[in-house]
Amino acid sequence: MNKDILQDLLLFYSLKQDKLITLKEYVDSNDGDIYYVSGKSIDGIKTLPQTENRLAKGNDVLCFVDDVDEFAIKFIGEYDGKKFINATQEKTAETEVSEEDKKILDKVKEVLGDKVYKVVGSKNLNDHPVCLSSEGEVSIEMEKVLTAQSNGESEIKAQKVLEINLNHPVFEKLRTADDSDFNDLSEILYSLACLISGISIENSTKTVEKIINMLSK
């Protein structure tokens, strides 16, 4: 009800300015929309591939580290005519892939099944082999908050997108792997993406066994 008054009292940590700033200070010092990333800690947010990419493009990124932050922003909608954009959900043109690589990405999706909404190739992850993004209204962080509040019984899920770096050596391994290794690599990449995003792995022992098996070859 009083968002137009209260929104100017909000403070968020700015990665470019290395301090807490208001939304007005963000708008005054940046062109375009307001970019943010949600996470449990500022250090964790800094290391996300999407954060690095947005900072490299010259934009500031606000860190939302309290559970309520992203939900509050959804209610605010926009500030001073600027939209709030979650850098981990940012709509970008999908990387063009060859038919051969598309078949590999489709096969990874087939292995992972309902764990992910889709699997896409990317050339914008720098040195990172993989990451998780999401589509739709519910972000990965929002899903984690809702799941925690419902003791794991929340049916509201983010549409997770597994992004694989087409320029990374690990993708070359997918190209040449036999069926058994391909399945293990697909599961390992998904588990690594979950860890980067702060999502618990369902069966950590099984994941470690797959990693040890791949390292032993």
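The largest pocket in this predicted model has a volume of about 590 Å³. A pocket here is an open set of points on a 1 Å grid over the protein atoms alone, with protein on both sides within 12 Å along at least five of seven lines, and its lining residues have an atom within 4 Å of a point. The grid points are joined across faces, edges and corners, and the volume is the space filled by probe spheres set on them. Rolling a probe the size of a water molecule over the atoms shows where empty space is left. Lining the largest pocket are 23 residues, and those nearest its centre are K115, Y190, C194, S200 and E202. Helix 7, helix 9 and helix 10 are the elements that give two or more residues to this lining, and the largest share, five residues, comes from helix 9. Helices (H or I, at least four residues) and strands (E, at least two) are DSSP runs, numbered from the N terminus. By residue type, the lining divides into eight nonpolar, five polar and ten charged residues, where Ala, Val, Leu, Ile, Met, Phe, Trp, Tyr, Cys and Pro count as nonpolar, Asp, Glu, Lys and Arg as charged, and the others, Gly among them, as polar.

Residues are numbered from 1 along each chain as its sequence is written, and side-chain values use heavy atoms, with hydrogens and water left out. Because the model is predicted, local features need pLDDT of at least 70 and side-chain atom pairs count only at pLDDT 80 or more, whereas totals for chains, interfaces and linings use all residues.

Charged side chains can also be followed through their salt bridges, a salt bridge being a side-chain nitrogen of Lys or Arg within 4 Å of a carboxyl oxygen of Asp or Glu. By this rule the structure has twelve salt bridges. One of them joins E141 to K144, with the closest N and O atoms 2.5 Å apart; the two residues lie in helix 7 (residues 140–149), three residues apart, which is about one turn of the helix. Both E141 and K144 are buried, a word that means under 20% relative accessible area, while exposed means over 50% and partly exposed lies in between (1.4 Å probe, protein chains only).

E172 and R175 are separated by about one helical turn because they stand three residues apart in helix 8 (residues 169–176). E172 counts as partly exposed at 41% relative accessibility, and R175 counts as partly exposed at 31%. D101 is linked with E172 and R175 in a network of salt bridges.

Another salt bridge runs between D184 and K210, whose closest N and O atoms are 2.9 Å apart. D184 lies in helix 9 (residues 179–196) and K210 in helix 10 (residues 204–215), so the pair ties together parts that are 26 residues apart in sequence. D184 counts as buried at 11% relative accessibility, and K210 is buried with a relative accessible area of 17%.

We now turn to the strands. Strands of a sheet pair through backbone hydrogen bonds, either parallel or antiparallel. In this model six strands form an open sheet in the order 2-1-4-3-6-5, with mixed pairing, and two strands are said to pair if DSSP finds at least two bridges between them. Strand 2 (19–21) and strand 5 (78–79) are the edge strands, each pairing on one side only. Strand 3 (residues 34–38) and strand 6 (residues 82–86) run parallel and are joined by three bridges, and I85 in strand 6 is the bridge partner of Y35.

Most residues other than glycine have a negative phi. D18, although not a glycine, has a positive phi of about 55 degrees; D18 is found in the loop between strand 1 (12–14) and strand 2, and is exposed with a relative accessible area of 53%. D80 also has a positive phi, near 55 degrees, and is found in the loop between strand 5 and strand 6, where D80 counts as exposed at 57% relative accessibility.

Finally, S122 has its place in strand 7 (residues 118–122) and is buried, with a relative accessible area of 4%. A polar atom of the S122 side chain lies 3.1 Å from the backbone nitrogen of N124.

Note on methods
1 Å grid on protein atoms, 1.4 Å probe; cavity = no way out; pocket = protein on both sides within 12 Å on 5 of 7 lines; lining within 4 Å. Polar contact = N/O pair within 3.5 Å; in protein donor to acceptor, adjacent residues only side chain to side chain.
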